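Subject: Structure handover

Hello,

I am passing on the structure we spoke about, followed by notes on what turned up in it. Please read the notes with the model open.

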Amino acid sequence: MLATQQTANVNLPENYVPKRYSAWHTFKKNWTLLCLGLPALLYLLVFNYIPMIGIVIGFKNFKYNQGMFGSDWVGLNNFKFFFQSSDAWRVTRNALGYNAFFIVSGVVVAVIMALLLYELSNKILIRFYQITMFIPHLLSWVVAAYILYAFLNVRSGMLNQWGREFLGWAKPIDWYNEPGPWIFVIPIAHIWKGVGMSALVYYASLMGIDTEYFEAASIEGATRPQITRYITLPFLYPTITILSIMAVGKVFNSDFGMFYQLPMGSSMVLPTTDVIETFTFRALQNGSMSLSTAVGLVQSIVGLCLVLFTNWVVKKINPENALY
């Protein structure tokens, strides 16, 4: 290879300059690919970049009759109001706590389900389990909320009936007025709805592993746990790392549909279900668009910093697994 490179260098003229193509030439050469990406670019432009103009509302006392640019400038007053309010600690604690659990449980449960699917050899069973796990992902949180309501209804809920019949509960639990149980209800609902999609992503990564690795390990006498530990899981590390980095960026963001629809908007369970999204929604209901915009800006900045920091840590440990 070295000789070939030396020969190639010798054949090049001394005054050789690589040809530089113009932007128009590059566009003509790749216009079909650019057209394929145009819908996604327009989507990002319309829904992600143009709305950034509205960030200015977070620094103003927004009034509808004065408009976005005509309202009075108040600087950081909206941010101070949020951080000094009694709800700031509650929504921040709930958002960070739930999302940290979602990241860990999502990876652990999804990887286990993917490994179990990968061990199956019957294609019919594999398709059946894939469809069964993926169906909850297609349901909206409104539908999921009414499914949950069938279990938690204080009068006719299945859990209260089972509790009276099999566990001897003296009185039914009023789930929608008791904040404590929702610490467990919401994580269970999140796993039920999201584990199928994540498991399919990891399963697709497993399908790309060359079977020669497993054959060689079997010849050497490796057991199934050893094959999983030293062959299967290492192939999943890049996928796990990338998905975890992206999830960490959303650790301050919560699924509004889940935290608002599942408790049916009950104000009694806010101590354990109130997150930043539900706080901003209540601010919008009260007509405070400036406050909701300020809180949303804080979310975005913190999410960006977390993504950059997490990617930096991963790059220091293993640059190949970093997102960029």
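I begin with the second largest pocket, whose lining residues divide into 7 nonpolar, 4 polar and no charged. Please keep in mind that this is a predicted model. The volume of this second largest pocket is about 450 Å³. Its lining consists of F47, N48, P51, M52, I55, T293, G296, L297, S300, I301 and L304. Two helices, α2 (23-49) and α15, each provide at least two of the lining residues. The largest share comes from α15, with 6 residues.

The largest pocket comes next. It holds about 1,200 Å³ of space. It is lined by 35 residues, and those closest to its centre are H190, L243, M246, A247 and K250. Two or more lining residues come from each of α5, α9 (182-206), α11, α12 (256-261) and α15 (289-317). Which element gives the most to this lining? That is α9, with 9 residues. By class, the lining of the largest pocket has 18 nonpolar, 14 polar and 3 charged residues.

With a threshold of 30 Å³ or more, the count is 1 cavity. The largest cavity contains about 40 Å³ of space. Around the largest cavity are L115, Y118, E119, F214, R224, I227, T228 and T232. Both α5 (87-119) and α11 (224-248) contribute at least two residues to its lining, and α11 has the largest share, with 4 residues. The classes in this lining are 4 nonpolar, 2 polar and 2 charged residues.

For α5 and helix α14 (residues 276-285), the packing angle is about 140° and the axes are 8 Å apart. At that angle α5 is oblique to α14, because angles over 145 degrees would be needed to count as roughly antiparallel. On the α5 side the contact is made by D87, R90, V91 and A95, and on the α14 side by I276, F279 and R282. This contact of α5 with α14 has 4 nonpolar, no polar and 3 charged residues.

The other pair is helix α7 (residues 141-152) with helix α8 (residues 158-167), which pack at about 20° with their axes 4 Å apart. Angles under 35 degrees count as roughly parallel, and α7 and α8 are therefore roughly parallel to each other. A150, F151 and L152 of α7 are in contact with M158, L159, N160 and W162 of α8. By class, the contact of α7 with α8 has 6 nonpolar, 1 polar and no charged residues.

Finally, the chain as a whole. It has 15 helices and 2 strands. The C-alpha trace spans about 90 × 65 × 35 Å along its principal axes.

To return to the linings: α11 has the largest share in the largest cavity, α9 gives the most to the largest pocket, and α15 has the largest share in the second largest pocket.

Regards

Methods. Residues numbered from 1 in each chain as written. Predicted model: local features only at pLDDT ≥ 70, side-chain atom pairs only at ≥ 80, totals over all residues. Heavy atoms only, no water. 1 Å grid on protein atoms, 1.4 Å probe; cavity = no way out; pocket = protein on both sides within 12 Å on 5 of 7 lines; lining within 4 Å. Points joined across faces, edges and corners; volume = space filled by probe spheres on them. Nonpolar A, V, L, I, M, F, W, Y, C, P; charged D, E, K, R; others polar. Axes fitted to C-alpha atoms, helices over the stretch in contact; angles between N-to-C directions. Parallel < 35°, antiparallel > 145°, perpendicular 65-115°, else oblique. Contact = heavy atoms within 4.5 Å.
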